[in-house]
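Dear colleague,

I am passing on the structure below, and after it you will find my notes on what turned up when I went through it. Please read them alongside the coordinates.

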Amino acid sequence: MDSRVQEAVLKKQNGYNCAQAVACTYCDLVGMDEETMRNATAAFAVGMGAMEASCGAITGAGVILGLLNKDQRASFGDAKKLITKFKEQNGSVICKELKGIETGKVLRECNDCVADAAKFLEEILEDKIE
């Protein structure tokens, strides 16, 4: 698979939220058109709209994994791999922690979160798509 990490970042820079940027970049792999995927992931930005939950980029990658796997157990395992790598890289998976809302210390900017989630998604997909 050719890397699409930069494509995901460009989508983020051009008005897509973090979840949309990742999910729309890979939507062709799961047979979904980009408009439908963009609408389906619209509410997953900014830590589920309140900065309290998971980074949207991780959520977007999770949507792709679920649609690709079509198996809950496999999706759980892949999501755990993704979250573990992301947390090791960035120190958190929670939006407000990544943005430093309470601490004033930004752990990771959104474009970098999108790039990380896309990269880790691709690593997981390498074993699934050949």
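The largest nonpolar core has 32 residues, and of these Val22, Phe86, Val114 and Leu121 touch the most other members. The elements that contribute two or more residues to this core are helix H1 (5–13), helix H2 (18–25), helix H5 (56–69), H6 and helix H8 (110–126), with H8 supplying the largest share, nine residues. Please keep in mind throughout that this is a predicted model. If residues up to four places away in sequence are not counted, valine 22 touches Ala57, Gly60, Ala61, Val114, Ala117 and Leu121.

Helix H1 deserves a separate word. Val5, Ala8, Val9 and Lys11 are buried in H1, and because they cover an arc of only 155° around the axis, they sit on the same side of H1. The buried residues of H1 pack against H2, helix H3 (34–40) and H8, and H1 is followed by glycine 15, whose phi is positive, near 100°.

Two loop residues come next. Serine 92 is placed in the loop between helix H6 (72–90) and helix H7 (95–98), and it counts as buried because its relative accessibility is 2%, where the cut-off is under 20%. The side chain of serine 92 reaches the backbone nitrogen of isoleucine 94 at 3.0 Å, and, with neighbours within four places in sequence left aside, serine 92 is in contact with Phe86, Lys87, Glu97, Leu98 and Leu107. Cysteine 55, for its part, lies in the loop between H4 and H5 and, at 5% relative accessibility, counts as buried. With neighbours within four places in sequence again set aside, cysteine 55 is in contact with Phe86, Val93, Cys95, Leu98 and Cys113. Along the chain, cysteine 55 and asparagine 111 are 56 residues apart, and their C-alpha atoms are separated by 12 Å.

As for charged pairs, side chains of opposite charge can pair when their charged atoms come close. The structure holds seven salt bridges, and I describe some of them here. The side chain of lysine 96 meets that of glutamate 52 in a salt bridge (3.1 Å, N to O), a pair that links distant parts of the chain, since lysine 96 is in helix H7 and glutamate 52 is in the loop between helix H4 (47–51) and H5, 44 residues apart. Lysine 96 is buried, with a relative accessible area of 16%, whereas glutamate 102 counts as exposed at 65% relative accessibility.

A further salt bridge is formed by aspartate 116 with arginine 108, whose closest N and O atoms are 2.8 Å apart. Here aspartate 116 counts as buried at 7% relative accessibility, while arginine 108, at 22%, counts as partly exposed.

With best regards

Terms used: Residues numbered from 1 in each chain as written. Predicted model: local features only at pLDDT ≥ 70, side-chain atom pairs only at ≥ 80, totals over all residues. Heavy atoms only, no water. Helix = DSSP H or I, 4+ residues; strand = E, 2+ residues; numbered from the N terminus. Buried < 20%, exposed > 50% of the residue type's maximum accessible area, 1.4 Å probe, protein only. Polar contact = N/O pair within 3.5 Å; in protein donor to acceptor, adjacent residues only side chain to side chain. Contact = heavy atoms within 4.5 Å. Core = buried A, V, L, I, M, F, W, Y, C linked by side-chain atoms within 4.5 Å. Salt bridge = Lys/Arg side-chain N within 4 Å of Asp/Glu carboxyl O. Arc of directions from axis to C-beta.
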